[in-house]
Amino acid sequence: AYFSAIYSVAEVLALPAVPLTASAGYLFGALPGTATVLFSATIAAGISFLLGRTFLRKYIEGLIEGNPTFSAIDTAVGREGFKIVLLL
């Protein structure tokens, strides 16, 4: 449980995952370590998505405000989300 929490926080903060991934295999074995890493990485991806969609949205909009390419991508994702994300 502690390892998963540390791994998830490290992933959300965009720290290198290779040392933690390798240590999961060493500490838990190949299959349990893989399962732990997959579970933790999925949780971290969900947390990152929620942070990006809620709390960090205005900050990112301010950063890309003058960039027409990112503005066009944002507009397209707003209209045809799944298809555009799949193509990117």
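Let's start with Ser8. Ser8 is buried, at a relative accessible area of 7%. Buried here means under 20% relative accessible area, exposed means over 50%, and partly exposed is in between, with a 1.4 Å probe and protein chains only. Ser8 sits in helix α1, residues 2–12. Helices are DSSP runs of H or I with at least four residues, numbered from the N terminus. Setting aside neighbours within four places in sequence, Ser8 is in contact with Ser40, Ile43 and Ala44. Contact means heavy atoms within 4.5 Å.

A word on the model before going on. This is a predicted model, where local features need pLDDT of at least 70, side-chain atom pairs count only at pLDDT 80 or more, and totals for chains, interfaces and linings use all residues. Residues are numbered from 1 along each chain as its sequence is written, and side-chain values use heavy atoms, with hydrogens and water left out.

Stay on α1 for a moment. Ser4 is also found in helix α1. Is Ser4 buried or exposed? Ser4 counts as buried, because its relative accessibility is 14%. Beyond its neighbours within four places in sequence, Ser4 is in contact with Thr36, Phe39 and Ser40. There is also a distance to note. Ser4 and Leu20 are 16 residues apart along the chain, and their C-alpha atoms are separated by 9.9 Å.

Now the helix pairs. First, α1 with α3. Helix α3 covers residues 30–53, and α1 and α3 pack at an angle of about 45°, with their axes 8 Å apart. Axes are lines fitted to C-alpha atoms, for helices over the stretch in contact, and angles run from 0 to 180 degrees between N-to-C directions. Therefore α1 and α3 are oblique to each other. As for cut-offs, angles under 35 degrees count as roughly parallel, over 145 as roughly antiparallel, 65 to 115 as roughly perpendicular, and the rest as oblique. The crossing of α1 and α3 is right-handed. That term applies if the near helix is turned clockwise from the far one by less than a right angle; anticlockwise is left-handed.

Who makes this contact? From α1 come Phe3, Ser4, Tyr7, Ser8, Glu11 and Val12. From α3 come Thr36, Val37, Phe39, Ser40, Ala41, Ile43, Ala44, Ile47, Ser48 and Leu51. The residues of the α1 and α3 contact divide into 10 nonpolar, 5 polar and 1 charged. Nonpolar means Ala, Val, Leu, Ile, Met, Phe, Trp, Tyr, Cys and Pro; charged means Asp, Glu, Lys and Arg; the others, Gly among them, are polar.

One of those α3 residues is Leu51. Leu51 counts as partly exposed, because its relative accessibility is 30%. Leu51 touches Val12 and Leu56, not counting residues up to four places away in sequence. Leu51 and Val12 are 39 residues apart in sequence and 9.3 Å apart in space, C-alpha to C-alpha.

Next, α2 with α3. These pack at an angle of about 140°, with their axes 7 Å apart. That makes α2 oblique to α3. Their crossing is right-handed. Thr21, Ala24, Gly25 and Phe28 of α2 meet Ala30, Pro32, Gly33, Thr36 and Val37 of α3. The residues of this contact split into 5 nonpolar, 4 polar and no charged.

Phe28 deserves a look. Phe28 is partly exposed, at 38% relative accessibility. Leaving out residues up to four places away in sequence, Phe28 touches Phe3, Gly33 and Thr36.

Phe3, Ile6, Tyr7 and Ala10 in α1 meet Leu20, Thr21, Ser23, Ala24, Leu27 and Phe28 in α2. The residues here are 8 nonpolar, 2 polar and no charged.

On to the core. Which residues make up the largest nonpolar core? Phe3, Tyr7, Ala10, Leu20, Ala24 and Val37, 6 residues in all. A nonpolar core is a set of buried Ala, Val, Leu, Ile, Met, Phe, Trp, Tyr and Cys residues joined through side-chain atoms within 4.5 Å. α1 and α2 each supply at least two residues of this core. The largest share, 3 residues, comes from α1. Val37 is in contact with Tyr7, Thr21 and Ala24, leaving aside neighbours within four places in sequence.

Last, the loop between α1 and α2 (18–28), where Ala14 is found. Ala14 is exposed, with a relative accessible area of 64%. Its phi is near 60°, a positive value in a residue other than glycine.
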